[in-house]
Number of protein chains: 2
Amino acid sequence: MPQNNAANNIAYQSGHDHNHCISSAMLEAQSVCKGNGQRLTKIRELVLQLIWQSHKPLGAYDLLPAIAEAGFNSAPPTVYRALDFLQEQGLVHRLASLNAFIGCSHPGEHHNGYFLICKDCGITVELASEEIQQSISRCATRQGFAVEQENVEILGCCTNCVAPA
Amino acid sequence: MPQNNAANNIAYQSGHDHNHCISSAMLEAQSVCKGNGQRLTKIRELVLQLIWQSHKPLGAYDLLPAIAEAGFNSAPPTVYRALDFLQEQGLVHRLASLNAFIGCSHPGEHHNGYFLICKDCGITVELASEEIQQSISRCATRQGFAVEQENVEILGCCTNCVAPA
DNA sequence: AATGTGAAGTTATAATATAACAAATTAATT
DNA sequence: AATTAATTTGTTATATTATAACTTCACATT
């Protein structure tokens with residue numbers, strides 16, 4: 001019986017082992033922070049865990065109740081600070097079209113995240129497509145434009161919601 | 001002396017004739033609305049004109065003072081209603097990463113807008129790249145994902161700001 | 001003119017995000 | 001260990017963006 005992991009088993013596939021996603025994300029976070037000489041404090045760790053509850057993007061304010069329950073201050077700056085930190089470390093992405101946040105599926109790697117957001121179930125998958133990257137790069141270069149940050153959020157219907165089992 | 005027009009002379013080129021942009025955008029708007037059986041009222045027309053002041057995305061609240069000066073009610077719903085209408089008609093795009101709005105460069109055509117946003121001067125160019133469209137489409141299809149709406153906002157540095165004259 | 005529909009006016013408030021400063025914790029230095 | 005410096009968190013207040021809900025108005029058709 002093959003072991004599931006994030007690389008070979010994306011969010012909306014049936015055998016998806018989400019516990020593995022969470023634990024590997026938390027481990028990676030430790031290592032990324034250590035590598036960057038940054039501290040993954042309790043609050044930051046908690047916020048990352050909350051974000052990784054699912055593959056559905058969550059709003060900052062959605063996290064506040066759980067932060068309060070864990071005994072921390074739950075005013076907005078608490079969560080925004082943690083989210084800002086996690087974004088700087090490349091552990092979390094913000095989806096501008098949703099005002100929401102999602103765990104990064106391949107932190108550490110230098111990459112652009114392209115997102116497929118299912119409008120029905122909310123599950124969002126991050127791609128790291130060379131093909132998209134290159135087509136954007138070519139179009140930009142043609143205009144003399146130097147790309148610094150790519151924001152690609154594709155809304156639609158995931159395979160499960162297109163053709164429910 | 002060749003005549004400038006929106007098609008052959010994009011926003012950050014030196015000979016850019018912006019008056020032409022504005023007048024052609026307003027004419028197109030009339031025709032699009034007529035075609036859709038919709039009314040381009042005074043406020044809607046004004047908001048579209050304000051949006052077309054420049055090729056820099058503007059926030060909804062940036063428009064309110066001018067709306068007030070023109071003698072209209074300038075509470076937020078006024079501008080949001082007009083912007084919603086203009087988006088529905090395909091005359092204006094919202095840039096989620098900026099919470100801002102920009103005139104559509106090729107209304108009428110059925111297209112996806114991909115945006116190059118200069119972080120220095122703010123000038124934003126809309127592309128309708130087949131190449132980007134196809135690479136997104138291929139990646140999505142590979143995941144069984146049915147694309148409905150594409151949100152591609154590329155932040156960087158335009159040709160003028162990369163190498164100022 | 002009466003009626004119905006869509007648009008605009010108006011008030012209030014929701015949702016998202018940040019500023020600014022104080023207190024506490026951690027790390028580095030003595 | 002005590003002192004200092006730096007970072008993190010707590011706290012209050014407020015900015016920014018956007019929408020809900022209801023009223024009034026304009027105008028299009030009957």
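Q: How many residues surround DNA strand C, and which are the closest?

A: DNA strand C has 20 residues around it, and the closest are N99(A), T41(B), N73(B), A75(B) and P77(B). A residue is near a molecule or strand if its C-beta atom, placed from the backbone, lies within 6 Å of it. Please keep in mind that this is a predicted model, in which local features need pLDDT of at least 70 and side-chain atom pairs count only at pLDDT 80 or more, while totals for chains, interfaces and linings use all residues. Residues are numbered from 1 along each chain as its sequence is written, and chains are lettered from A and ligands numbered from 1 in the order in which they are written.

Q: Which elements each supply at least two residues of the surface near DNA strand C?

A: Helices and strands here are DSSP runs numbered from the N terminus (helices H or I with at least four residues, strands E with at least two). Each of these supplies at least two residues: α3 (60-69) and α4 (76-88) of chain A, and α2 (42-51) and α4 (76-88) of chain B. The top contributor is α4(B), with 4 residues.

Q: How do the residues of that surface divide by class?

A: We count Ala, Val, Leu, Ile, Met, Phe, Trp, Tyr, Cys and Pro as nonpolar, Asp, Glu, Lys and Arg as charged, and the others, Gly among them, as polar. On that basis the surface near DNA strand C has 10 nonpolar, 6 polar and 4 charged residues.

Q: Which residues come nearest to DNA strand D?

A: T41(A), N73(A), A75(A), P77(A) and P76(B) come nearest, out of 19 residues around DNA strand D. At least two residues each come from α2 and α4 of chain A and from α3 (60-69) and α4 of chain B. The largest share, 4 residues, belongs to α4(A). The split by class is 10 nonpolar, 6 polar and 3 charged.

Q: In what order do the strands of the open sheet run?

A: Strands of a sheet pair through backbone hydrogen bonds, either parallel or antiparallel. Two strands are taken as paired if DSSP finds at least two bridges between them. The open sheet has 6 strands in mixed pairing, ordered β4(A)-β3(A)-β5(A)-β5(B)-β3(B)-β4(B). Its edges are β4 (124-127) of chain A and β4 (124-127) of chain B, each pairing on one side only.

Q: How many bridges join β5(A) to β5(B)?

A: There are 11, and the two strands run antiparallel. One pair to look at is Q149(A), which stands opposite L155(B) in β5(B). Elsewhere in the sheet, 4 bridges join β3 (residues 114-118) of chain B to β4(B), also antiparallel, and I117(B) stands opposite T124(B) in β4(B).

Q: Where does α5 of chain A lie?

A: Helix α5 (residues 130-142) of chain A lies across β3 (114-118) and β5 (146-157) of chain A, as well as β3, β4 and β5 (146-157) of chain B. The helix runs at about 130 degrees to β5(A). Axes are lines fitted to C-alpha atoms, for helices over the stretch in contact, with angles from 0 to 180 degrees between N-to-C directions.

Terms used. Two residues are in contact if their C-beta atoms, placed from the backbone, lie within 7 Å.
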